[in-house]
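Dear colleague,

My notes on it follow.

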Amino acid sequence: MRLGWPGVSILFALSIISLAVLPFIGMETIGITQISGDDLQREIFFSIRLPRVLTAFTAGAALALCGLVFQGVLRNPLADPFTLGVASGASCGAALMILTGAAGVISGIPVTVFGALCGAALSFLLVMAFSGAVRTVSSNGILLVGIAVSFFFSSVLMFSQYISSMRDSFRIVRWLMGGVEVFGYGPLFTMLPFVITGVILIIANIAALDHFLTGDDIAQTRGVRVRFSRILLLGAASLMVGGIVSVCGPIGFVGLMIPHFCRPVFGAGHKILLPACLLAGGIFLTLCDTFARTLIAPAEIPVGVITALLGAPFLLWVLIRQESR
Amino acid sequence: MTRLEAKNISFSYNGKPVIADINFTANQGEAWAIIGRNGAGKSTLLKCLCGLLRCHQGTVSVNNIHIVKLTPRETAVQIAYVPQGTNRPVPPFTVREYVLMARYPYTKMGEMSSRKDNNAVDEALALTDTEHLAGRMMGALSGGEFQSALIAGAAAQETPILLLDEPTAHLDPRHQEEIRRMIVRLHERRGTTVITVTHDVNFALAAHNNILALIGGRVFFRGTKDSFCGGAADNLPKIFSAGFSEAVCPDKTKFFFVTGRSASSIDGILPAAVPEDENTPLKTEESL
């Protein structure tokens with residue numbers, strides 16, 4: 001059974017509800033009346049809770065979309081920016097910026113963002129170049145190349161952590177756990193341009209995304225510019241990952257999980273699956289973040305830890321289900 | 001009138017030649033079967049003809065326009081391609097959705113729901129006799145049904161030229177016959193130019209008027225079905241490296257069956273001994 005557009009509407013309604021309700025929930029629940037009355041509560045609500053929920057929603061939506069694109073283009077249920085090394089490239093780039101103590105802005109972009117984008121681009125190019133060189137641009141080969149690239153960047157990261165000071169090292173470790181604790185709207189506005197550009201590029205190629213599922217040969221003989229679309233779609237997704245990782249750190253498994261949850265419900269056609277994944281990813285990460293900040297309040301669990309706790313068993317489930325088919 | 005022409009085309013994988021110096025023209029409404037052994041370069045030739053592979057030498061042209069100058073969309077309204085139905089990704093769609101997607105080259109921004117597109121899908125399903133499959137998922141189909149759905153998709157593309165790669169391999173006799181009828185229908189009712197790769201000589205003769213036989217990546221025979229049948233006793237052992245006997249069916253058509261191995265001197269890829277010229281053991285006949 002497929003839910004189709006009514007299902008997407010339901011998700012949309014749920015998104016609005018979660019965006020409207022979740023900022024009130026936290027270490028202390030804020031009442032609606034307090035926003036207008038209490039200055040401190042208003043500050044907490046508008047400068048901390050609301051931007052945080054919005055950031056979580058945006059990041060979750062974008063990560064789910066990235067996962068959808070990677071899985072679709074590569075026709076591989078295990079592909080996502082993390083299994084392909086793009087996220088670890090971005091993390092490595094951003095972390096190196098933090099470690100070298102580089103601060104400030106390069107032509108309007110904070111250096112960590114700059115580092116993350118460079119890292120994402122570099123790892124994406126590496127994966128494409130090597131998978132091209134070993135002539136396995138489709139299917140599993142590219143995943144293996146991605147894993148190799150991912151390990152490479154992880155070890156660069158580990159090495160630089162090892163030689164850095166205790167304090168920097170801790171900051172990196174915390175950052176690598178992934179989180180959306182932001183203050184104010186700056187971080188959200190930092191990643192929004194990348195997310196919006198990515199979403200537009202992907203929507204413009206949504207039909208090609210469907211055709212990738214039929215196989216590259218059929219897609220091309222039906223008029224899809226396969227090579228161009230593949231690079232554009234994966235590049236757009238990598239750009240989004242760079243933007244998100246620079247703000248939130250690597251939050252894994254959202255991109256892997258959400259498309260798998262949406263497909264049985266919405267079918268494989270991307271015209272419906274894409275908005276469904278965006279909304280479901282947003283809701284999912286917002287909920288995870290609400291748990292992250294309330295479960296052991298006043299302390300917080302990095303949201304990346306929660307997504308990974310859910311995601312790792314989920315990965316096994318995907319593998320087993322695939323085997324049993 | 002659509003004309004597909006290959007001039008002196010060659011292709012090699014990793015420096016190893018697979019097809020060499022192939023000349024071949026398919027005019028509007030002709031039905032060609034490309035036959036040969038496994039590894040003779042049949043599928044490679046087919047992929048070169050639809051632009052999936054870019055040949056290293058020579059040119060492929062559609063209506064005298066070099067195929068590399070056409071965009072994928074422009075090629076896709078001229079040539080439809082049906083790949084081998086085995087070992088390939090299974091589209092996670094229903095047959096109808098899959099067939100509708102074939103309308104892509106005619107659409108802008110991938111919007112495929114116009115009445116014209118839906119009519120084309122209905123017509124394609126009717127022509128290929130696959131209406132009963134329309135609501136089923138591609139993944140739930142049997143091998144024969146899946147192959148039929150692939151052909152239905154190509155039919156919805158409404159191209160003057162249709163290329164098929166081993167459409168009957170791995171199929172049971174009933175489905176082989178269904179595929180044969182499908183090809184004949186597309187050919188006769190629509191005037192589609194059909195080019196089919198197969199190693200089944202009887203299927204080749206049953207659904208096609210012209211035969212192109214490859215040995216070691218070179219053209220060994222090119223001509224009409226009748227001239228092929230005339231020399232079949234000599235040709236078949238050379239083409240397939242197997243001994244054949246022939247039988248005549250009640251309707252006077254010839255049927256060939258394998259009767260053991262033949263000691264063919266031609267083995268491996270691209271023997272220099274089989275050039276495509278006057279010295280060819282068999283006279284090559286230009287089609288009109």
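Two residues are taken to be in contact if their C-beta atoms, placed from the backbone, lie within 7 Å. By that criterion, 18 residues of chain A are in contact with 22 residues of chain B. On the side of chain A that touches chain B, α9 (206-212) and α10 (216-221) each supply at least two residues; helices (H or I, at least four residues) and strands (E, at least two) are DSSP runs numbered from the N terminus. That side of chain A divides into 6 nonpolar, 7 polar and 5 charged residues, where Ala, Val, Leu, Ile, Met, Phe, Trp, Tyr, Cys and Pro count as nonpolar, Asp, Glu, Lys and Arg as charged, and the others, Gly among them, as polar.

This is a predicted model: local features need pLDDT of at least 70, side-chain atom pairs count only at pLDDT 80 or more, and totals for chains, interfaces and linings use all residues. Residues are numbered from 1 along each chain as its sequence is written, while chains are lettered from A and ligands numbered from 1 in the order in which they are written.

Leaving aside neighbours within four places in sequence, A:L65 is in contact with A:V199, A:I202, A:L274, A:C277, A:L278 and A:G281.

Two residues of chain B deserve a mention for their backbone. B:N64, in the loop between β4 (57-62) and β5 (65-66) of chain B, has a positive phi near 65° without being a glycine. B:S241 lies in the loop between α9 (232-240) and β11 (242-248) of chain B, and its phi is also positive, at about 55°, although B:S241 is not a glycine.

With kind regards
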